[in-house]
Amino acid sequence: MNPKKLPIYELRVELSDALKAGNRIIIEAPTGSGKSTQVPQIVLDCGNAGPGEVVVLQPRRLAARLLAKRVAFERNEPLGGEVGYQVRMEKHVSAKTQIRYVTEGILLRQFLSDPQLRGVSTIVFDEFHERHIYGDITLARALRLQKTRPDLKIIVMSATLDAGPLREYLAPCRELKSEGRMFPVEICYAKKRIDFRHHPMWEAAADAFEQAIESGAEGDVLVFMPGGYEISRTVEAIRGRRCARGFAVLPLHGELSAHDQDAAVGECDRRKVVVATNVAETSITIDGIRIVIDAGFARIARYDPNRGIDTLLVERISRASADQRTGRAGRTAPGTCHRLWTEQEHVARPMQELPEILRHDLAEVVLTLKAGGIDDVENFEWLEPPDPKSLARTLALLADLGAIDHAGRLTAVGQKMVSFPMHPRYARMLLAGQEYGCVRQACLIAALTQGRSILERNKGAETRGTRDEVLGEDDVSDFQRLMRAWSFADQNQYRVDACRRLGVHAGAARLVKPLYQRFMKIAEQEGLDINARAPLDEDLQKCILLSFSDQVAKRRDRGTLHCAVVHGRAGDLDRDTVVRDAELVVAAEIREIEGRGLNVRLNLCTAISEAWLDELFPEDIEEKTEAVFDPVLKRVVSKECKLFRGLELQASMKQAVDPQQAAEIIAEEVLAGRLELYKWDEAVETWIARVNCLAEGCPDYGIPAIDEEARRAMVQEICLGAVCKRDLKDRPVWKVVKSWLSAAQLDLIDKQVPERIKLPSGLNARVRYEAGQPPVLSASIQKLYDLNETPRIGFGQIPVVVEALAPNQRPQQKTQDMKSFWENAYPMLKKELKGRYPKHEWR
Ligand code: ADP
Ligand code: MG
């Protein structure tokens with residue numbers, strides 16, 4: 001298709017004008033309109049963006065390369081000339097480059113080396129609807145840069161966009177929209193739910209393919225699968241079907257060679273079936289597709305709280321993604337889309353995927369921001385701020401890893417960590433590997449902790465015996481055994497039978513290899529020494545400690561597996577660990593035990609020594625003396641302790657304590673109800689209620705209420721001089737409590753909130769005072785005769801509630817209005833009671 005005929009060209013004049021008039025533009029146009037390939041060219045060719053490069057930010061490496069190649073081709077230029085691309089570890093650009101496609105990290109790193117981004121005229125954010133974390137923060141930084149470089153143009157592009165929040169964020173900005181062209185696509189759902197555990201998704205996809213082709217559907221086919229493995233199985237399955245004869249069946253994903261990727265998107269002399277990951281969802285357009293088969297899954301990165309890192313999980317895609325995929329069948333002519341799930345299942349899917357900022361680990365991003373001079377990440381201009389809790393957790397982790405200091409500033413180690421394209425924990429690990437001559441081991445440990453464990457649990461005695469025989473018995477780290485198990489599996493080509501004998505999960509072990517190689521490659525590129533001799537145990541242990549120092553734990557006792565963990569947590573040591581005899585350990589994996597709050601299970605442990613904590617983290621060691629209440633001795637003792645990040649390493653007790661401090665601590669125990677002041681009885685409480693009754697009922701008389709704080713002060717005063725439970729026995733209480741009021745005020749209490757009130761019948765009735773309640777007087781009806789007015793206390797300002805009792809002393813009625821009681825309630829009451837108690841006097 002002639003690129004100049006693509007729908008995006010409708011917007012050419014508008015775009016060119018918008019570039020002249022302002023510096024922020026949103027472009028919304030459906031996939032295939034020509035955004036990614038044409039917009040950078042329009043910007044460059046119209047000349048309104050000023051001199052300099054047009055940088056196009058792409059979420060995927062594969063797309064960056066293919067787009068650059070396509071645009072260079074359209075402009076009849078060699079790749080790396082006027083048009084180039086740059087992704088992690090791969091660069092095709094030159095001094096002539098005017099349009100540069102880059103992936104997320106690249107531009108952010110450019111900000112680090114040149115905060116003014118000299119030589120860049122325009123930044124185009126492509127596929128912005130995917131809301132990648134790096135896209136979000138690069139946009140924030142670009143907006144900030146515009147304050148000093150208003151000539152910088154920002155263009156945000158997307159196929160589908162809920163532009164609302166973005167519009168506000170970018171204001172003032174121009175919005176350009178193209179409807180594009182779309183042919184209708186018929187959606188076919190699975191009739192019955194397909195259980196992929198019994199009927200693999202590649203077989204289901206091949207079935208759908210067969211059905212489509214046999215029904216005479218025309219055009220090329222695009223199949224969506226979650227990852228490389230499923231793609232190769234699908235390619236095999238489709239090739240195996242008879243109706244696939246005459247088709248070229250081609251895989252497309254990021255791990256393939258450039259040659260294979262080009263083949264999948266390029267022209268073909270036969271009908272094509274392209275089996276792709278979600279790169280083909282919106283990033284890449286393949287011409288001629290009229291049939292889409294969608295397995296409905298994608299690999300999605302999510303924060304795994306157990307391992308403290310992101311892991312790729314195969315998950316159901318959202319309805320929005322499914323619709324994008326469907327659209328791929330209707331670009332050139334009407335098409336069909338086969339969804340391998342039922343219509344009912346469809347409704348249950350989420351509308352949209354959460355933005356990465358809300359589901360990813362933030363450590364790497366925050367470290368990059370810090371390296372870019374943004375110390376106050378909490379107040380960074382986030383398009384959508386991350387959860388404050390995960391941000392706080394991230395900052396704590398970076399501090400523990402030594403990447404930032406206690407003031408939150410980047411350290412020298414942190415500065416080095418930034419250049420490692422990986423989670424800061426593993427960057428720290430590789431650097432520690434260099435320090436201790438164990439880079440190779442560090443890479444392997446890093447690889448081993450990314451996925452599921454390669455050693456199966458709960459194996460029988462026989463397997464365990466073979467394991468010990470082959471792998472040896474270690475006592476310093478679970479990782480030594482894990483590393484040997486992996487080497488064993490590797491040497492045996494991951495053969496299931498060999499692995500099974502040792503209880504090694506062959507599939508999981510196989511997945512470790514490419515990760516290990518990737519870590520090794522990065523280590524090499526960063527100039528680390530990967531060929532050191534085998535390290536001493538101690539060096540390896542220290543390397544592990546430096547990378548997981550946020551998970552140091554100390555055994556509470558020898559008998560159980562209970563541990564105290566740094567930062568005030570508690571946990572249980574995994575039963576299978578080889579370091580069961582160690583007193584101090586560092587765990588590489590901690591799992592929260594469901595429903596038990598901060599209680600965790602500590603896995604993959606390594607023994608460490610206290611001296612190493614002194615040596616490696618001198619700033620995190622705290623020595624303090626404090627007075628505490630010893631619940632066993634039931635006395636205040638002075639405790640001298642040494643802490644590492646809140647974890648008590650050592651403690652010793654002494655009896656000598658400061659009396660003032662002791663009094664405060666004893667008082668706290670009393671206030672919390674754990675100790676008793678024997679003489680603080682009901683009478684004291686009643687008296688306090690009387691004081692409060694007058695204080696509240698007659699505020700004009702200046703009686704101070706006795707609130708929580710006053711109680712605390714009283715209890716502290718009473719406890720002065722006490723250091724243990726026994727000392728509380730004879731503590732006088734009344735004297736202190738009454739000293740709250742002056743002699744004149746005490747006199748008012750006696751008179752105005754009296755303990756008893758004399759009634760006309762001669763009864764000296766007791767008044768009940770309770771906190772927060774009006775005063776109450778109870779008396780049998782006969783004793784209330786002639787009491788025609790409601791009794792009042794507190795200078796006549798506080799009415800007393802009168803509770804009338806039947807002859808059996810049961811309360812019958814409560815009133816604060818005696819007149820009305822005698823007139824209205826009493827006659828009925830009398831009738832009833834007289835029948836039951838005829839011998840009493842009833843007036
Ligand atoms: P958008 O970004 O709006 O989805 P693109 O700019 O990626 O659109 O693609 C526009 C059109 O350019 C596609 O529909 C296709 O016709 C053509 N095109 C893009 N990339 C290639 C390529 N690598 N090979 C052949 N044609 C391509
Ligand atoms: Mg695009």
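The shell around ligand 1 divides into two nonpolar, seven polar and four charged residues.

Before I go on, some housekeeping. This is a predicted model, where local features need pLDDT of at least 70, side-chain atom pairs count only at pLDDT 80 or more, and totals for chains, interfaces and linings use all residues. Residues are numbered from 1 along each chain as its sequence is written, chains are lettered from A and ligands numbered from 1 in the order in which they are written, and side-chain values use heavy atoms, with hydrogens and water left out.

Back to the ligand. Which residues come nearest to ligand 1? Of the 13 around ligand 1, they are Gly32, Ser36, Thr37, Asp287 and Arg331; a residue is counted if one of its heavy atoms lies within 4 Å. Helix 2, residues 35–46, gives the most to this shell, with three residues. Helices here are DSSP runs of H or I with at least four residues, strands are runs of E with at least two, and both are numbered from the N terminus.

Now the polar contacts, meaning pairs of N or O atoms within 3.5 Å. A backbone N or O atom of Gly32 lies 2.6 Å from an oxygen atom of ligand 1. For Ser33, a backbone N or O atom is 3.1 Å from a ligand 1 oxygen. Asp287 uses its side chain instead, with a polar atom 2.8 Å from an oxygen atom of ligand 1. On its own ligand 1 has 550 Å² of accessible area, and the protein covers 90% of that, by the Shrake-Rupley method with a 1.4 Å probe.

Next, helix 18, residues 461–471. Its buried residues are Thr463, Thr466, Arg467 and Leu471. Buried means under 20% relative accessible area, exposed means over 50%, and partly exposed is in between, with a 1.4 Å probe and protein chains only. Why do I say they line one face? Seen down the axis of helix 18, the buried residues fall within an arc of 105 degrees, so they line one face of the helix; the arc is taken from the directions from the helix axis to the C-beta atoms. An α-helix has 3.6 residues a turn, so residues three or four places apart point the same way.

What do the buried residues of helix 18 pack against? They pack against helix 19 (478–491) and helix 20 (496–501), with contact meaning heavy atoms within 4.5 Å. The face turned away from the buried side carries the exposed residues Ala461, Glu462 and Glu469. After helix 18 comes Gly472, with a positive phi near 80 degrees.

Last, some backbone points in loops. Gln493 sits in the loop between helix 19 and helix 20. Its phi is positive, near 50 degrees, in a residue other than glycine, and at 54% relative accessibility Gln493 counts as exposed. Arg131 also has a positive phi, about 50 degrees, although it is not a glycine. Is Arg131 buried or exposed? At 15% relative accessibility, Arg131 counts as buried; its loop runs between strand 6 (120–125) and helix 5 (133–146).

The peptide bond from Ala171 to Pro172 is cis, with omega near 0 degrees. Pro172 is in the loop between helix 6 (163–170) and strand 8 (174–177).

Conventions: Polar contact = N/O pair within 3.5 Å; in protein donor to acceptor, adjacent residues only side chain to side chain. Nonpolar A, V, L, I, M, F, W, Y, C, P; charged D, E, K, R; others polar.
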